[in-house]
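Subject: Structure handover

Hello,

Here is the structure I said I would pass on. Please keep it open while you read the notes below.

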Amino acid sequence: MVTVRAPATSANLGSGFDVFGVALSRPADVVRVRRDTETSIEVSGAGSQFIPEDPEKNTVGAVAEALDAPAHIEINKGVRPASGLGSSAASAAAAAVALDELYDRGHTREALVPIAAEGEAVVSGVAHDDNVAPAIVGGFTVATGNGITRVDADISLVVCLPDIVISTRDARSVVPESASIEQVVETVGNAATLTAGMCRDDPELVGAGMHDSVVTPARAELIEGYDDICGAARDAGATGVTISGSGPGVLAVCRGRDRRSVASAMLDAFEAHDIDARSYQTRVGRGAQIL
Ligand code: HSE
């Protein structure tokens, strides 16, 4: 029996669409695996009623198949699905690390990233690495065709999760198909600023570098009150605010001392729109851990 905790993650960070991601210190999924002749899945915890237990339809079934590692897999969800917090990636990452250990396959953490991404493709339709990479290796990650670059950043974050559901498929359908050269130049500058901020543990630079005028405005239309939530978070001290992954979670960067007030301002702003929400005061955290 092997048990692994893998964290929620926040992808994109505005200017790094499909490239940037961070592991969050909380919440997390816990996955327990036991050898068996065929794969079976049991799901409990946050939003488990919406998650299929059929191995053909669950993200961890594809991971077990890719590793040729049949097992009984128990998933305890700390990360609600369709949240923008890398829910399926957390399960896929935990399963990849657990099954690799259970069957002594000996893959490096980096080699497990594309395997876990196959699991992601089962639910989102696209095998992208920007959530599974930080869920497996931790920290701030840059996932490109050339591999994964990891930075061990120390940055305080707040994620506010409204009680609305947006599927990754729907959020991807509104992404513009092209961008102007001005937008490309702006995005490169912001992404570089954000990366420098992560390397220096500087919330001002990270927050400034999160600005994105291409994907985020299109997706913001799917989140009622988005501009008000951002304004409230900034007024309470956030240095930058953006959509977490494909939403509806909203991510704010701040100094550690402002986390509580930023979280409560974001909750109040959602409440003003009659939307229930919950917040996580969190930080850039570690990747999957064998317990
Ligand atoms: N980069 C992906 C997207 C992350 O924004 O669609 C999905 O959580």
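Strands here (E, at least two residues) and helices (H or I, at least four residues) are DSSP runs, numbered from the N terminus. Two strands pair if DSSP finds at least two bridges between them. The model is predicted, so local features need pLDDT of at least 70 and side-chain atom pairs count only at pLDDT 80 or more, while totals for chains, interfaces and linings use all residues. Residues are numbered from 1 along each chain as its sequence is written, and side-chain values use heavy atoms, with hydrogens and water left out.

The sheet

β8 and β9 form a hairpin with 6 residues between them. In its turn, G245 has a positive phi of about 55 degrees. The two strands run antiparallel and are joined by 4 bridges, β9 being residues 250-254. T242 stands opposite L251 in β9. The loop between β8 and β9 also holds P248, and the peptide bond from G247 to P248 is cis, with omega near 5 degrees.

β7 (residues 156-162) is joined to β10 by 7 bridges, and L157 has T282 as its bridge partner in β10.

The ligand

Which residues are around the ligand? They are N12, F17, D18, H128, D130, N131, T168, R172, R219, G245 and S246, where a residue counts if one of its heavy atoms lies within 4 Å of the ligand. The shell divides into 1 nonpolar, 6 polar and 4 charged residues (Ala, Val, Leu, Ile, Met, Phe, Trp, Tyr, Cys and Pro count as nonpolar, Asp, Glu, Lys and Arg as charged, and the others, Gly among them, as polar).

A polar side-chain atom of D130 lies 2.5 Å from a ligand nitrogen. For ligand oxygen atoms, the distance is 2.6 Å to a polar side-chain atom of R172 and 3.1 Å to an N or O atom in the side chain of N131. The protein covers 96% of the 260 Å² of accessible area that the ligand has on its own (Shrake-Rupley method, 1.4 Å probe).

Elsewhere

The peptide bond from R26 to P27 is cis, with omega near 0 degrees; P27 is in strand β2 (residues 20-35).

Regards

How values were computed. Polar contact = N/O pair within 3.5 Å; in protein donor to acceptor, adjacent residues only side chain to side chain.
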